[in-house]
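This briefing covers domain arrangement, helix packing, charged pairs and backbone geometry. The sequence and the structure come before the details.

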Amino acid sequence: MVDAMELRQLRYFVTVVEEGGFTRAAERLHLTQPGLSAQIRQLERELGQRLLDRGARTVTPTEVGSAVLAHARAALAAADRIGETVQEFTGLLRGHVRLGVISGAATDEFDIAPVLAAFHHDHPQVGISLTEDTAERMLAALERGELDIALIGLTGAPPSSAIGLDVILETPVVAAVAEDAPVAPGESAGTIGLSALTERRLICLPRGTGLRGVFERACAAAGFTPDIAFEAAAPPLLLRLAAHGLGTAVVPALTEDEASAFGVRALAIVDPPIRGRLALAWRVDRPGGPAAKVLLGQLRIALGPR
């Protein structure tokens, strides 16, 4: 078993070999050259073998030194791994995780509260920050390192290579009108063509949200700019506005019971159909701390895909 002093001596020995001499090695290690030489001589005495050939201009390992070098490097790498493991364990016990979610995401279907409660129970010293924002702003916060994990709606824009995504839900986007609204041009058997929305007053999520981005991209491809009369962050409010005849709400798919409860009629958008996607996002090129990694794994298990 190598004690702490021997481990330092091995690091000194490896550094001298890598630098090819004592002067540069001493500078790299922030030691005096005589002190470094003394440590190497002590190591050689303990091993009973000369490890270095000390030339006039360069220092090279002896045959024994070359054989010891590989083992010394392996011992140092193992020690570093032990240190990293301890740091990760300490970080897991006392870290901090910053989580962002889109507005209205914490429904019964995507209830993150139990996941956060279980995580807090297992790791009570880990702080958790939770914020609501739009997909675009949360993606920007992820890239700046201000968030560790985000639950976002995808806008349809190509994702950055720095961001990892796990799609947990894909759903059709529908147009909702008041339940008693007369059938208008463009409607047919519970569907409506995208182009039929050209002249309608629309009720939609704010700019920067995933569904708004997907919808606007589809409209641009169809050659028109949608007339957004009302904006709200929560789909239930969009539906209530539509139920009172204030416009056509663009929302994720509804069941018949949900539509009836809000007093609306849901029309599947066709020609082309539009689909929204909900995803967990995180940085892949700059991984978060161990606490963030554990919480991300628990969220991925609990939320989907669906």
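Helices and strands are DSSP runs numbered from the N terminus, a helix having at least four residues and a strand at least two. On that basis, Pro-272 is placed in the loop between β12 (264-270) and β13 (275-283). The model is a predicted one.

**Backbone geometry**

- Most residues other than glycine have a negative phi, and most peptide bonds are trans.
- The peptide bond that leads from Asp-271 to Pro-272 is cis, and its omega is near 0 degrees.
- Ala-189 is not a glycine, yet its phi is positive, at about 50 degrees.
- The loop that holds Ala-189 runs between β7 (187-188) and β8 (191-193).

- According to the domain assignment, the protein has domain 1 (1-91), domain 2 (93-169 + 278-303) and domain 3 (171-275).
- Between domain 2 and domain 3, the C-alpha centres are 28 Å apart.
- Domain 2 contributes 10 residues to this contact, and domain 3 contributes nine residues.
- About 700 Å² is buried between domain 2 and domain 3, and carbon and sulfur atoms account for 60% of that area.
- Of the area that domain 2 buries against domain 3, 47% is supplied by Ser-103, Thr-134 and Thr-155, which is more than any other three residues supply.
- The number of salt bridges between domain 2 and domain 3 is zero.

**Packing of helices α2 and α3**

- Two packed helices are described by the angle between their axes and the distance between the axes.
- For helix α2 (residues 22-29) and helix α3 (residues 33-47), the axes come within 9 Å and the crossing angle is roughly 100 degrees.
- Angles of 65 to 115 degrees count as roughly perpendicular, and α2 and α3 are therefore roughly perpendicular to each other.
- On the α2 side, Phe-22, Thr-23, Ala-25, Ala-26 and Leu-29 take part, and they meet Gln-33, Leu-36, Ser-37 and Ile-40 of α3.
- Sorted by class, the residues in the contact of α2 with α3 are six nonpolar, three polar and no charged.

**Salt bridges**

- Side chains of opposite charge can pair when their charged atoms come close.
- The structure contains 16 salt bridges.

How values were computed
Residues numbered from 1 in each chain as written. Predicted model: local features only at pLDDT ≥ 70, side-chain atom pairs only at ≥ 80, totals over all residues. Heavy atoms only, no water. Axes fitted to C-alpha atoms, helices over the stretch in contact; angles between N-to-C directions. Parallel < 35°, antiparallel > 145°, perpendicular 65-115°, else oblique. Contact = heavy atoms within 4.5 Å. Nonpolar A, V, L, I, M, F, W, Y, C, P; charged D, E, K, R; others polar. Domains from an automatic or database assignment. Buried area = accessible area lost by both parts, 1.4 Å probe. Salt bridge = Lys/Arg side-chain N within 4 Å of Asp/Glu carboxyl O.
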